[in-house]
Amino acid sequence: MLNIQTRQEGTASVVSIQGKVNFEVTAQLRDVIRETVATAQPKLLAINLEGVSFIDSSGLGLLVAARNSVDKSGGKLHLCCLPATVKKTFDQTNLTNYFSIFATEQDALRGA
Amino acid sequence: MAKGSVLVVDDEAPIRDILSFYLKRAGYQVLTAGNGLEALEEMGRSRPDLIISDLRMPEMTGDEFCKRVKGDPATRDIYFIILTALDGTASRIGSLTLGADDMIPKPFHAQEVLAKVDSTFRLIEMQKEIKRQNRELVAFQQRVQEEMALAAALQMGLLPKLPGKAQGSHYTHRYLPVAGIGGDIYSILPLPDGCTAMMIADVSGHGVTAALISAMVKTSFENQVRLGGDPLTWAYGMNEDLCRSTLAEQFATAWLGRLDPGSNRLRYVVAGHCAPLRIVGGTKGGLHRSEVLRGKGFMLGLDEQLPFVEHDAEFLPGDRLVLYTDGLVEVEREDRSMLEEAGLRRICAELPVGSEEAADSVITQARAYNQSAPFMDDVTLVILDRQA
């Protein structure tokens, strides 16, 4: 089970995720992101991955799809607080160069 | 149309008559019997939906009758209501532990019995509906399982035939999908110029969708290879194919390689895939140094505009190549530590001579990292030995 929290910071939405992001929980996460984008229509969607212990290819796919859908609606997607294991997965798949990644949530919000 | 049939069992004729009268008037079909034995005979002729039975009767008591009905698989689903004059809680519980479904204390109002029969028939209808739906579900599940088994067999057919041979090399694989069918695929093709084209890929997700895309990845790779070119152009071509034909969250990590035995060089592209190992002189068995064929690159199917990079490594006669998908190294212990690439390198430091024995050894040792829950994701391992 994934723990997901969302909150609004001005025109930005912040989604914080805790747990293991794999195939079993992507549906749950997808719904939250979709609903956040649809209802808040944020200029910036910041996803805080601080509490994520593991992410598999389904999870990565979900983040890529989220970036594409936010792009289409004229917004931006920023990721922040990647733990070492997640950072490694991003490096291996070169996604470090695909996403805007920030060290802290504050930086992610300021980077708008 | 009759609403359903009720068997009324009581040794007192007036009680049978009263219940019959009310139940018939309400539209039920009614059968009667004076004791358990007669009731069983009656049931041999016609199967009721519901039984209302007294407890104290000659020949065969209600207790015994209830036990017989509930003990026989053919009749145990018939709803059984006990009529009892014994008003103590103990005897009521006793009746229900015999297997009776409900009880009505005596003396009773005929209306009360009727109301209970009506509500029971609603339950019976519901149960029938649930059973019907359950039968449909079981049939559906069976159909799906058969189709999955067929699809799994078909997918195994997409893998190269073993023992695998390519110019001056031979190879084997171990393919272990978690759900019978999976998103891993690999292909090894001899090229007209004497080189060997290789591809291993892992499609995001599991199951049928991933399997379908894996077939697509294989076809795309083979088409690209036929067009000529090198791993870099294959990567661009496959990326384009996948971007055009898959949905938002579907993509594949892949490693594409071209082995030139003339120059002893291996050119390759890493598309988000775990880097293979080159075991220097590994075909001789014993202790050997491994090199990680590293490289960075995006997964296939993300975005048509993304760039790829080609790398180059030495690959000599007698070297061994270990290609794999991440499921092999994501074996996790309870303390959350994972086998990872470093663990696989430790395993590969000393492997047996033959590729078959080496493949078995890698799988066994990876599994041993967490014996109780080894592989949570599709696992593919390919070992290619270049003859010395």
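## Chain A: the fold

Walk along the sequence of chain A and the elements come in the order β-β-α-β-α-β-α-β-α. That makes 4 helices and 5 strands for this chain. Keep in mind throughout that we're looking at a predicted model.

How does the overall size of chain A sit with what a compact globule would give? The radius of gyration of chain A is 13 Å, and a compact globule of 112 residues would come out near 13 Å, so the two agree. Along its principal axes, the C-alpha atoms of chain A take up a box of roughly 30 × 25 × 20 Å. Of the 112 residues in chain A, 45% are buried.

## Chain A: strands β3 and β4

Strand β3 of chain A, residues 44–55, pairs with β4(A) in the parallel sense, and 5 bridges hold the two together. Within that pairing, A:N48 has A:C80 of β4(A) as its bridge partner.

Strand β4 of chain A covers residues 76–80 and is mostly covered itself, with 4 of its 5 residues buried.

## Chain B: two domains

Over in chain B, the assignment gives domain 1 at 5–132 and domain 2 at 159–386. Their C-alpha centres are 68 Å apart.

## Chain B: the parallel sheet

Start with the open sheet of 5 strands in chain B, which has parallel pairing and the strand order β2-β1-β3-β4-β5. The edges of this sheet belong to β2 (29–33) and β5 (102–105) of chain B; each has a single partner strand, so one side of each has no neighbour in the sheet. From one strand to the next, the twist averages 20°.

Strand β1 of chain B (residues 5–9) runs parallel to β2(B), with 5 bridges between them. Here B:V6 sits opposite B:V30 in β2(B).

## Chain B: the antiparallel sheet

Another open sheet in chain B has 6 strands with antiparallel pairing, in the order β6-β7-β18-β16-β12-β14. Which strands stand at its edges? They are β6 (164–166) and β14 (290–292) of chain B, and because each has a single partner strand, one side of each is left without a neighbour in the sheet. On average, and ignoring direction, neighbouring strands of this sheet are turned by 20° against each other.

Inside the sheet, strand β7 of chain B (residues 169–176) and strand β18 of chain B (residues 379–386) run antiparallel and share 8 bridges. One facing pair is B:T172 with B:I383 in β18(B). Helix α8 of chain B (residues 340–348) packs on the sheet, where it touches β12 (277–279), β14 and β16 (320–324) of chain B. The direction of helix α8 of chain B makes about 20° with that of β12(B).

## Where the chains meet

How many residues does each chain bring to the contact? Chain B supplies 18 residues and chain A supplies 14 residues. Sorted by class, the side of chain B that touches chain A is made up of 6 nonpolar, 7 polar and 5 charged residues.

Definitions and conventions: Residues are numbered from 1 along each chain as its sequence is written. Chains are lettered from A and ligands numbered from 1 in the order in which they are written. This is a predicted model: local features need pLDDT of at least 70, side-chain atom pairs count only at pLDDT 80 or more; totals for chains, interfaces and linings use all residues. Two residues are in contact if their C-beta atoms, placed from the backbone, lie within 7 Å. Ala, Val, Leu, Ile, Met, Phe, Trp, Tyr, Cys and Pro count as nonpolar, Asp, Glu, Lys and Arg as charged, and the others, Gly among them, as polar. The radius of gyration is taken over C-alpha atoms; the globule rule is 2.2 Å times the number of residues to the power 0.38. A residue is buried if 20 or more other C-beta atoms lie within 10 Å of its own, exposed if 12 or fewer, and partly exposed in between; C-beta atoms are placed from the backbone. Domain bounds come from an automatic or database domain assignment. Two strands pair if DSSP finds at least two bridges between them. Axes are lines fitted to C-alpha atoms, for helices over the stretch in contact, and angles run from 0 to 180 degrees between N-to-C directions.
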